[in-house]
Amino acid sequence: MSTVIYFLISHRAEYVIFLSYAVLAWIACLIGYRLLDLDEPPSMNVSWTSVGENAALTGKLLYMDAKLMLLVPFQIAYGLTSSMMTFYIIGTVIAGSSQLGASYVGFFAAIVVVAGAVVAAPMSRLADRQGKSIVILMGNLFLLSCGLVVFFFSDATIGTFLFMIPFSIIFGLGRGVWENTNKAVIADFYQSNATSSTAAFAVAAFFNGYASSIGYFCFNYIQRERMAEIIIFVTVISSICSQVAFLVQINQQKEEFTKEHRFELARRQLAEHKYKMDQAAYDKFQREVDLSVAL
């Protein structure tokens, strides 16, 4: 919608877009207010004590759980890459391009979002067939490509229509992996504990938002080559850490399977021993009955 408004009325597009979204937000609030109560008891404790306990649990999980710590670099990588793409590529390169200009800012931002949405289903199927670790690695490579493009190509080359189309799609693919498979991985890792799952999602959201804010603040004051080097370094680290996280998960699953197997074996041995004891007691009782009848 923003892109259409930019093309139709570029002179006052910012104000029209702001007012349009403000009106839509108010309408959504009114509709939400009119929704009927589901008659479900409230389950969220919003007291300061509860908030503090949940924050402490989140920090403890991050400190104690190696898998979550290894997933953090991917959240940081996406946060920094998204701030670079939004602030520098779309907000600076495209807006200042002689071929494109500010009217194309919304257009390429929309391509990123659409690419991320379209790739969700294929990536989900690929994750089911080949494993989520492969998809996460691909997501890191997409983000790494964004840093490599900024490092090796000039702003004049990037700021062209034919170059920005595939570039926006590549970042959109990385965004799609972060938005979908990344969160599915977190849900899989902590599916047995709802509290840990909530804390893990909170950690992911925090580090992504923190990295994005740092990028927006700092990228304005450093050279584009240094910006690209940061993205390249973080995404390489993220690629390695993500794969190690999956290895840790596999080892933990093997240990849990071994424990369950030992428990099941012990349960069967105990049942067999109990059966033998019961059988011996029955045989003794039967002999006593036979003896009494004989007498």
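**Salt bridges and a buried phenylalanine**

K183 and E179 stand four residues apart in helix α9 (residues 161–189), and are therefore separated by about one helical turn; helices here are DSSP runs of H or I with at least four residues, strands are runs of E with at least two, and both are numbered from the N terminus. This is a predicted model, in which local features need pLDDT of at least 70 and side-chain atom pairs count only at pLDDT 80 or more, while totals for chains, interfaces and linings use all residues. Residues are numbered from 1 along each chain as its sequence is written, and side-chain values use heavy atoms, with hydrogens and water left out.

**The pair within helix α9**

- The side chains of K183 and E179 form a salt bridge with an N to O distance of 3.2 Å, the term denoting a side-chain nitrogen of Lys or Arg within 4 Å of a carboxyl oxygen of Asp or Glu.
- K183 is partly exposed at a relative accessible area of 31%, where buried means under 20%, exposed over 50% and partly exposed in between (1.4 Å probe, protein chains only).
- E179 is likewise partly exposed, with a relative accessibility of 28%.
- The count of salt bridges in the model comes to six.

**The network around R224**

- D155, R224 and E225 are joined in a network of salt bridges.
- In the pair of D155 and R224, the closest N and O atoms are 2.9 Å apart.
- Because D155 belongs to helix α8 (residues 155–158) and R224 to helix α11 (residues 224–294), this pair ties together parts that are 69 residues apart in sequence.
- R224 also meets E225 in a salt bridge, at 4.0 Å from N to O.
- R224 is buried, its relative accessible area being 16%.

- F108 is located in helix α5 (residues 105–118).
- With a relative accessibility of 0%, F108 counts as buried.
- Leaving aside residues up to four places away in sequence, F108 is in contact with I94, L100, F161, M164, I165 and S168, contact meaning heavy atoms within 4.5 Å.
- F108 and F167 are 59 residues apart in sequence, and their C-alpha atoms lie 9.4 Å apart in space.
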